[in-house]
Amino acid sequence: MPRRASLDPSAAAFLPPRRDLASLREASRTCEGCTLWTHATQTVFGEGNPRARLVLVGEQPGDAEDRLGHPFVGPAGHLLDRCLEDAGIDRDLVYITNAVKHFKWEPRGKRRIHTRPSTREVRACRPWLDAELAEIEPAVVVAMGATAAQAILGRTFRLTEHRGEVVADAAGHAVIATLHPSAILRMDDETRRAAERAAFTDDLRHAASLALARVAPALR
Ligand code: URA
């Protein structure tokens, strides 16, 4: 019996033959690797320093990011900016991207409510993240939230058990998984929110110091 081609959605066919961040970003604009593009305004590709030692990965663009076309420019991005500043990290020196490059949402009245991407959608989008990481070759990757952590470290990874630990992904990157800034924003209890924000900032600081330590030998 002839083998059927895989029906799994994938962005793989949309990647350009020449791989640098500019050509990847350009090619991602027309990605139809899964169906999320149909309701999104545009692809939101990663941005930042192409030689970043530290890459931050979120889940997917939100409402503001979908409209503006840049990652982490809405409320979660504003919190991330403040935590990066508190951790002494210059946003211009890092690279920020998402596990999924299109905004998934459902209508509620006039609002577009974020909906978590499915495992199939995360897997379909993975070639873009793999290509970004292969181009940048960061020393450390910070996965923000369970979706990013599981996209990078596999479905069995448990953020609640391994938050803040340094673990290796299949490609050998050092990965630190931490909370997503949106999760911190959603916390009602002010004391808990402050504590989690401080812990998130500590994770960023730890990742940055590890990134520095890992590049230092190469600079000597
Ligand atoms: N949340 C994310 O995970 N990514 C963004 O770019 C914005 C909000």
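Analyst: H1 and H4 are roughly antiparallel to each other, a label given to angles over 145 degrees. This is a predicted model, in which local features need pLDDT of at least 70, side-chain atom pairs count only at pLDDT 80 or more, and totals for chains, interfaces and linings use all residues. Residues are numbered from 1 along each chain as its sequence is written, and side-chain values use heavy atoms, with hydrogens and water left out.

User: At what angle do helix H1 and helix H4 pack?

Analyst: Angles run from 0 to 180 degrees between N-to-C directions, and axes are lines fitted to C-alpha atoms, for helices over the stretch in contact. Here H1 (residues 21-28) and H4 (residues 119-136), both DSSP runs of H or I with at least four residues, pack at about 165 degrees with axes 10 Å apart.

User: Is His102 buried or exposed?

Analyst: Buried means under 20% relative accessible area, exposed over 50% and partly exposed in between, using a 1.4 Å probe and protein chains only. His102 has 9% relative accessibility and therefore counts as buried, whereas His114, at 40%, is partly exposed.

User: Which side chains make polar contacts with His114?

Analyst: A polar contact is a pair of N or O atoms within 3.5 Å; within protein, one must be able to donate a hydrogen and the other to accept it, and residues adjacent in sequence count only if both atoms are side-chain atoms. The side chain of His114 is joined in this way to that of Glu59 at 2.4 Å and to that of Gln60 at 3.0 Å, while the side chain of His102 makes a polar contact with that of Thr43 at 3.0 Å.

How values were computed: Helix = DSSP H or I, 4+ residues; strand = E, 2+ residues; numbered from the N terminus. Parallel < 35°, antiparallel > 145°, perpendicular 65-115°, else oblique.
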